[in-house]
Amino acid sequence: MSRRTIQLDMPVHQWLMTHSLRETPIQRELRDAMEGHPEGEMQTSPEQVQLLSVLLKTMQASRVIEVGVFTGYSAMGMAMSLPDDGVLVACDLSPEHMAVAQEWWDRAGVSDRIQPRVGPAADSLAAMIDAGEAGTYDFIYVDADKTGYPEYYELGLQLLRPRGLLTFDNMLRGGRVADPEINDESTVATRELAAKLLADDRVEYSLNPIGDGLAIAMLRP
Ligand SMILES: C[S@@+](CC[C@H](N)C(=O)[O-])C[C@H]1O[C@@H](n2cnc3c(N)ncnc32)[C@H](O)[C@@H]1O
(Lines give C-alpha, C1' and ligand atoms only; values in the text may rest on other atoms or scores of the structure.)
Protein backbone atom coordinates (compact mmCIF):
# COMPACT_ATOMS: atom_id res chain seq x y z
CA MET A 1 0.00 0.00 0.00
CA SER A 2 1.17 3.50 -0.70
CA ARG A 3 -0.59 6.83 -0.79
CA ARG A 4 2.07 8.27 -3.06
CA THR A 5 3.75 7.08 -6.23
CA ILE A 6 7.23 5.95 -5.24
CA GLN A 7 10.40 7.46 -6.66
CA LEU A 8 12.18 5.11 -9.06
CA ASP A 9 15.88 5.17 -8.21
CA MET A 10 18.27 3.27 -10.50
CA PRO A 11 18.10 -0.11 -8.72
CA VAL A 12 14.29 -0.07 -8.66
CA HIS A 13 14.16 1.04 -12.29
CA GLN A 14 16.60 -1.72 -13.22
CA TRP A 15 14.48 -4.27 -11.36
CA LEU A 16 11.38 -3.08 -13.22
CA MET A 17 13.20 -3.43 -16.55
CA THR A 18 14.47 -6.94 -15.84
CA HIS A 19 11.28 -8.25 -14.24
CA SER A 20 8.51 -6.86 -16.42
CA LEU A 21 9.53 -6.32 -20.03
CA ARG A 22 8.30 -8.72 -22.68
CA GLU A 23 10.06 -7.18 -25.67
CA THR A 24 10.62 -9.35 -28.72
CA PRO A 25 14.21 -9.58 -30.04
CA ILE A 26 13.49 -7.03 -32.82
CA GLN A 27 12.01 -4.53 -30.33
CA ARG A 28 15.08 -4.94 -28.14
CA GLU A 29 17.34 -4.54 -31.17
CA LEU A 30 15.67 -1.23 -32.12
CA ARG A 31 15.95 0.01 -28.56
CA ASP A 32 19.62 -0.96 -28.42
CA ALA A 33 20.22 0.72 -31.79
CA MET A 34 19.08 4.06 -30.34
CA GLU A 35 21.46 3.78 -27.34
CA GLY A 36 23.95 6.60 -27.90
CA HIS A 37 22.07 7.92 -30.96
CA PRO A 38 22.11 11.76 -30.86
CA GLU A 39 18.30 11.81 -30.71
CA GLY A 40 17.88 8.47 -28.94
CA GLU A 41 16.27 10.09 -25.90
CA MET A 42 13.17 10.71 -28.04
CA GLN A 43 12.34 7.00 -28.05
CA THR A 44 9.38 5.99 -25.86
CA SER A 45 10.37 3.94 -22.81
CA PRO A 46 9.80 0.17 -23.18
CA GLU A 47 7.61 -0.13 -20.09
CA GLN A 48 5.35 2.57 -21.51
CA VAL A 49 5.09 0.84 -24.89
CA GLN A 50 4.18 -2.35 -23.04
CA LEU A 51 1.42 -0.46 -21.19
CA LEU A 52 0.11 0.86 -24.54
CA SER A 53 0.09 -2.74 -25.82
CA VAL A 54 -1.94 -3.95 -22.84
CA LEU A 55 -4.44 -1.12 -23.35
CA LEU A 56 -4.77 -1.92 -27.07
CA LYS A 57 -5.35 -5.60 -26.41
CA THR A 58 -7.82 -4.87 -23.59
CA MET A 59 -9.81 -2.67 -25.95
CA GLN A 60 -9.40 -5.11 -28.85
CA ALA A 61 -8.28 -2.07 -30.80
CA SER A 62 -7.90 -2.38 -34.54
CA ARG A 63 -7.63 1.29 -35.64
CA VAL A 64 -4.81 3.33 -34.14
CA ILE A 65 -3.07 6.64 -34.86
CA GLU A 66 0.42 7.59 -33.76
CA VAL A 67 1.60 11.21 -33.88
CA GLY A 68 5.42 11.24 -33.66
CA VAL A 69 7.16 8.16 -35.06
CA PHE A 70 10.93 8.86 -34.87
CA THR A 71 12.54 5.49 -35.71
CA GLY A 72 9.38 3.51 -35.10
CA TYR A 73 9.76 1.87 -31.68
CA SER A 74 6.38 2.73 -30.15
CA ALA A 75 4.59 2.18 -33.48
CA MET A 76 6.23 -1.25 -33.79
CA GLY A 77 5.02 -2.29 -30.34
CA MET A 78 1.50 -1.02 -30.99
CA ALA A 79 1.31 -2.62 -34.45
CA MET A 80 2.35 -5.95 -32.91
CA SER A 81 -0.66 -5.64 -30.59
CA LEU A 82 -3.20 -5.27 -33.40
CA PRO A 83 -5.10 -8.03 -35.18
CA ASP A 84 -3.93 -9.03 -38.67
CA ASP A 85 -6.41 -6.64 -40.29
CA GLY A 86 -5.54 -3.80 -37.89
CA VAL A 87 -4.38 -0.37 -39.08
CA LEU A 88 -1.93 2.04 -37.50
CA VAL A 89 -1.70 5.45 -39.17
CA ALA A 90 1.81 6.70 -38.38
CA CYS A 91 2.27 10.49 -38.67
CA ASP A 92 5.65 12.22 -38.70
CA LEU A 93 7.02 15.45 -40.14
CA SER A 94 10.33 13.93 -41.12
CA PRO A 95 10.71 11.75 -44.24
CA GLU A 96 14.12 10.70 -42.90
CA HIS A 97 12.67 9.39 -39.64
CA MET A 98 9.84 7.66 -41.48
CA ALA A 99 12.28 5.91 -43.85
CA VAL A 100 14.30 4.53 -40.94
CA ALA A 101 11.12 3.44 -39.13
CA GLN A 102 9.87 1.71 -42.28
CA GLU A 103 13.00 -0.45 -42.40
CA TRP A 104 12.48 -1.55 -38.81
CA TRP A 105 8.77 -2.26 -39.41
CA ASP A 106 9.68 -4.34 -42.46
CA ARG A 107 12.10 -6.38 -40.38
CA ALA A 108 9.48 -6.82 -37.62
CA GLY A 109 6.88 -7.98 -40.16
CA VAL A 110 4.33 -5.28 -39.24
CA SER A 111 4.57 -2.97 -42.28
CA ASP A 112 1.32 -4.32 -43.72
CA ARG A 113 -0.53 -2.83 -40.73
CA ILE A 114 1.13 0.60 -40.83
CA GLN A 115 0.09 3.52 -43.06
CA PRO A 116 2.80 6.21 -42.96
CA ARG A 117 1.76 9.88 -43.32
CA VAL A 118 4.65 12.31 -43.77
CA GLY A 119 3.95 15.98 -43.03
CA PRO A 120 2.72 18.19 -40.20
CA ALA A 121 0.54 15.93 -38.04
CA ALA A 122 -2.21 18.53 -37.68
CA ASP A 123 -2.62 18.49 -41.48
CA SER A 124 -2.64 14.67 -41.56
CA LEU A 125 -5.28 14.47 -38.81
CA ALA A 126 -7.43 17.16 -40.45
CA ALA A 127 -7.20 15.30 -43.78
CA MET A 128 -8.41 12.12 -42.08
CA ILE A 129 -11.43 14.00 -40.70
CA ASP A 130 -12.10 15.48 -44.17
CA ALA A 131 -11.91 11.95 -45.60
CA GLY A 132 -14.84 10.90 -43.38
CA GLU A 133 -12.82 9.05 -40.72
CA ALA A 134 -14.19 10.97 -37.71
CA GLY A 135 -15.34 8.67 -34.92
CA THR A 136 -13.60 5.60 -36.34
CA TYR A 137 -10.37 5.24 -34.33
CA ASP A 138 -9.94 3.22 -31.13
CA PHE A 139 -6.68 4.67 -29.87
CA ILE A 140 -4.33 7.61 -30.47
CA TYR A 141 -0.79 7.99 -29.10
CA VAL A 142 0.73 11.49 -29.33
CA ASP A 143 4.50 11.87 -28.88
CA ALA A 144 5.57 14.82 -31.02
CA ASP A 145 6.01 18.63 -30.88
CA LYS A 146 4.51 19.79 -27.57
CA THR A 147 3.27 23.09 -28.99
CA GLY A 148 0.97 21.05 -31.20
CA TYR A 149 -0.57 19.10 -28.31
CA PRO A 150 -3.66 21.31 -27.72
CA GLU A 151 -4.50 21.07 -31.45
CA TYR A 152 -3.84 17.30 -31.59
CA TYR A 153 -6.21 16.97 -28.64
CA GLU A 154 -9.13 18.63 -30.42
CA LEU A 155 -8.48 16.81 -33.72
CA GLY A 156 -7.91 13.53 -31.90
CA LEU A 157 -11.21 13.78 -30.05
CA GLN A 158 -12.98 14.08 -33.40
CA LEU A 159 -11.25 10.98 -34.77
CA LEU A 160 -11.95 8.77 -31.74
CA ARG A 161 -14.97 6.53 -31.37
CA PRO A 162 -16.88 6.73 -28.05
CA ARG A 163 -14.78 5.10 -25.28
CA GLY A 164 -11.69 5.41 -27.46
CA LEU A 165 -8.44 6.48 -25.78
CA LEU A 166 -6.33 9.55 -26.56
CA THR A 167 -2.88 9.37 -24.95
CA PHE A 168 -0.08 11.96 -24.67
CA ASP A 169 3.56 11.37 -23.77
CA ASN A 170 5.89 13.78 -21.94
CA MET A 171 3.19 15.40 -19.83
CA LEU A 172 5.69 15.94 -17.00
CA ARG A 173 8.50 17.24 -19.23
CA GLY A 174 11.18 15.92 -16.91
CA GLY A 175 9.52 17.83 -14.03
CA ARG A 176 9.59 21.19 -15.83
CA VAL A 177 5.77 21.53 -15.78
CA ALA A 178 5.97 21.99 -11.99
CA ASP A 179 8.62 24.72 -12.07
CA PRO A 180 6.99 28.17 -12.38
CA GLU A 181 10.32 29.65 -13.48
CA ILE A 182 10.23 27.56 -16.67
CA ASN A 183 8.00 29.04 -19.34
CA ASP A 184 9.33 27.89 -22.70
CA GLU A 185 6.60 27.42 -25.28
CA SER A 186 6.62 23.60 -25.10
CA THR A 187 6.18 23.62 -21.32
CA VAL A 188 3.45 26.27 -21.54
CA ALA A 189 1.60 24.23 -24.19
CA THR A 190 1.89 21.09 -22.05
CA ARG A 191 0.43 22.94 -19.05
CA GLU A 192 -2.33 24.26 -21.30
CA LEU A 193 -3.25 20.72 -22.35
CA ALA A 194 -3.03 19.47 -18.75
CA ALA A 195 -5.49 22.17 -17.63
CA LYS A 196 -7.82 21.34 -20.50
CA LEU A 197 -7.74 17.60 -19.74
CA LEU A 198 -8.48 18.19 -16.08
CA ALA A 199 -11.49 20.41 -16.76
CA ASP A 200 -12.91 18.76 -19.88
CA ASP A 201 -16.09 16.81 -19.17
CA ARG A 202 -15.97 15.20 -22.63
CA VAL A 203 -13.35 12.79 -21.27
CA GLU A 204 -12.43 10.50 -18.38
CA TYR A 205 -8.85 11.33 -17.48
CA SER A 206 -5.75 9.99 -15.74
CA LEU A 207 -2.16 11.32 -15.72
CA ASN A 208 0.30 8.50 -15.10
CA PRO A 209 3.88 8.91 -13.86
CA ILE A 210 5.33 6.31 -16.22
CA GLY A 211 8.16 7.33 -18.51
CA ASP A 212 7.97 11.14 -18.72
CA GLY A 213 4.27 11.22 -17.83
CA LEU A 214 1.51 9.59 -19.86
CA ALA A 215 -1.91 11.26 -20.05
CA ILE A 216 -4.80 8.93 -20.85
CA ALA A 217 -8.16 10.41 -21.82
CA MET A 218 -11.22 8.31 -22.70
CA LEU A 219 -13.86 9.92 -24.89
CA ARG A 220 -17.10 9.69 -22.93
CA PRO A 221 -19.98 8.10 -24.82
C1 LIG B 1 9.71 12.01 -29.43
S2 LIG B 1 9.84 11.60 -31.12
C3 LIG B 1 8.77 10.21 -31.25
C4 LIG B 1 9.34 8.95 -30.63
C5 LIG B 1 8.60 7.69 -31.00
N6 LIG B 1 7.26 7.68 -30.44
C7 LIG B 1 9.38 6.46 -30.56
O8 LIG B 1 8.95 5.73 -29.68
O9 LIG B 1 10.48 6.24 -31.11
C10 LIG B 1 8.96 12.92 -31.86
C11 LIG B 1 8.75 12.83 -33.37
O12 LIG B 1 7.78 13.82 -33.70
C13 LIG B 1 8.07 14.30 -34.99
N14 LIG B 1 7.43 15.62 -35.15
C15 LIG B 1 7.82 16.81 -34.63
N16 LIG B 1 6.98 17.79 -34.99
C17 LIG B 1 6.00 17.20 -35.73
C18 LIG B 1 4.83 17.67 -36.39
N19 LIG B 1 4.49 18.96 -36.36
N20 LIG B 1 4.08 16.79 -37.07
C21 LIG B 1 4.42 15.47 -37.11
N22 LIG B 1 5.52 14.97 -36.50
C23 LIG B 1 6.29 15.82 -35.83
C24 LIG B 1 9.58 14.33 -35.05
O25 LIG B 1 10.04 14.27 -36.40
C26 LIG B 1 9.97 13.08 -34.24
O27 LIG B 1 10.19 11.99 -35.10
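How many nonpolar, polar and charged residues does the shell around the ligand have? In this predicted model, local features need pLDDT of at least 70 and side-chain atom pairs count only at pLDDT 80 or more, whereas totals for chains, interfaces and linings use all residues. Residues are numbered from 1 along each chain as its sequence is written.

By class, the shell comprises 9 nonpolar, 8 polar and 3 charged residues, with Gly counted among the polar ones and Asp, Glu, Lys and Arg as charged. Of these 20 residues around the ligand, Thr-44, Gly-68, Phe-70, Ser-74 and Ala-121 come nearest, a residue being near if its C-beta atom, placed from the backbone, lies within 6 Å. Helix H4 (73-80) and strand E2 are the elements that give two or more residues to the shell, where helices (H or I, at least four residues) and strands (E, at least two) are DSSP runs numbered from the N terminus.

Strand E2 (residues 87-92) also belongs to an open sheet of 7 strands, ordered E3-E2-E1-E4-E5-E7-E6 with mixed pairing, in which two strands pair if DSSP finds at least two bridges between them. The edge strands, each pairing on one side only, are E3 (114-118) and E6 (203-208). Strands E2 and E3 run parallel and are joined by 5 bridges, and Asp-92 stands opposite Val-118 in E3.
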